[in-house]
Amino acid sequence: MSDALDVSLRLVKAQTALVRRFDSRLGALYGVSLADFMVLLHLGRAEGGRMRRVDLAGALGLTASGVTRGLGPLERIGLVVREADARDARVAYAALTDAGRERLADCLKAAGQVAAEVFAAPEWAPDEVETLSELLTRMGGTGLPEDHAAGA
């Protein structure tokens, strides 16, 4: 097996394990998955706590139908609402509710704890975490969405 393929498969396996860890903690504590958390996080960091659905899909790397499927459960439990654009009926926004903001704040704490556990010493030195971040960025990975919301 080529080194590049071996590294790629190791990365996929590590990503799967990391998602499972986040899903387990966020699901047990707050009833949301990592995918749900990512939706809440992007909305929470967006100006006004809302994004056009098409922009949210792009930020999450999903199709428009994929983001619609992902928003459905969050809408049903009252964390997100659909908002129409007053000027263009074709445009729909996804917006955080007050309950969604509260859930996001709780999830951020739990997700931060998971991340700290994953990259804890002595297994990881701070410079190794920084190097890994740089390498993942080179592969197209991005970190937290920029914070455009006041107080988010």
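Rings of Phe, Tyr and Trp (for Trp, its six-membered ring) form a pair if their centres lie within 6.5 Å; planes under 30 degrees apart count as stacked, over 60 as edge-to-face and the rest as tilted. By this rule the count comes to 1 aromatic pair. The rings of Phe 119 and Trp 124 have centres 4.9 Å apart and planes at 75 degrees, so this pair is edge-to-face.

The model is a predicted one, in which local features need pLDDT of at least 70 and side-chain atom pairs count only at pLDDT 80 or more, while totals for chains, interfaces and linings use all residues. Residues are numbered from 1 along each chain as its sequence is written, and side-chain values use heavy atoms, with hydrogens and water left out.

The protein has 6 helices and 3 strands. Helices (H or I, at least four residues) and strands (E, at least two) are DSSP runs, numbered from the N terminus. Along the sequence their pattern is α-α-β-α-α-β-β-α-α. Taken along the principal axes, the C-alpha atoms fill a box of roughly 55 × 30 × 25 Å. Of the 152 residues, 28% are buried; buried means under 20% relative accessible area, exposed over 50%, and partly exposed in between (1.4 Å probe, protein chains only). A contact means heavy atoms within 4.5 Å. Among contacts between residues at least 6 apart in sequence, 55% join residues at least 24 apart.

The next topic is a pair of helices. Two packed helices are described by the angle between their axes and the distance between the axes. The axes of α3 (residues 53–60) and α4 (residues 64–76) come within 9 Å and cross at roughly 105 degrees. That makes α3 roughly perpendicular to α4. Axes here are lines fitted to C-alpha atoms, for helices over the stretch in contact, with angles running from 0 to 180 degrees between N-to-C directions; angles under 35 degrees count as roughly parallel, over 145 as roughly antiparallel, 65 to 115 as roughly perpendicular and the rest as oblique. On the α3 side, Arg 53, Leu 56, Ala 57 and Leu 60 meet Ala 64, Val 67, Thr 68, Leu 71 and Glu 75 of α4. The residues of this contact divide into 6 nonpolar, 1 polar and 2 charged, where Ala, Val, Leu, Ile, Met, Phe, Trp, Tyr, Cys and Pro count as nonpolar, Asp, Glu, Lys and Arg as charged, and the others, Gly among them, as polar.

Leu 56 and Leu 60 also touch His 42, which is in helix α2 (residues 34–45). At 12% relative accessibility, His 42 counts as buried. Leaving aside neighbours within four places in sequence, its contacts also include Met 51, Ala 59 and Pro 145.

Elsewhere, the charged end of Arg 50 sits over the ring of Tyr 93, 3.7 Å from its centre. The criterion is NZ of Lys or CZ of Arg within 6 Å of the ring centre and within 35 degrees of the ring normal.

Which residues does Val 118 contact, leaving aside its neighbours within four places in sequence? They are Leu 18, Arg 21 and Trp 124. Val 118 itself is in helix α5. Trp 124 is partly exposed at 28% relative accessibility, and Phe 119 is partly exposed at 29%. Pro 122 lies in the loop between α5 (98–118) and α6 (126–138). A cis peptide bond joins Ala 121 to Pro 122, with omega about 5 degrees.

In the segment after α6 is Met 139, which is exposed, with a relative accessible area of 62%.
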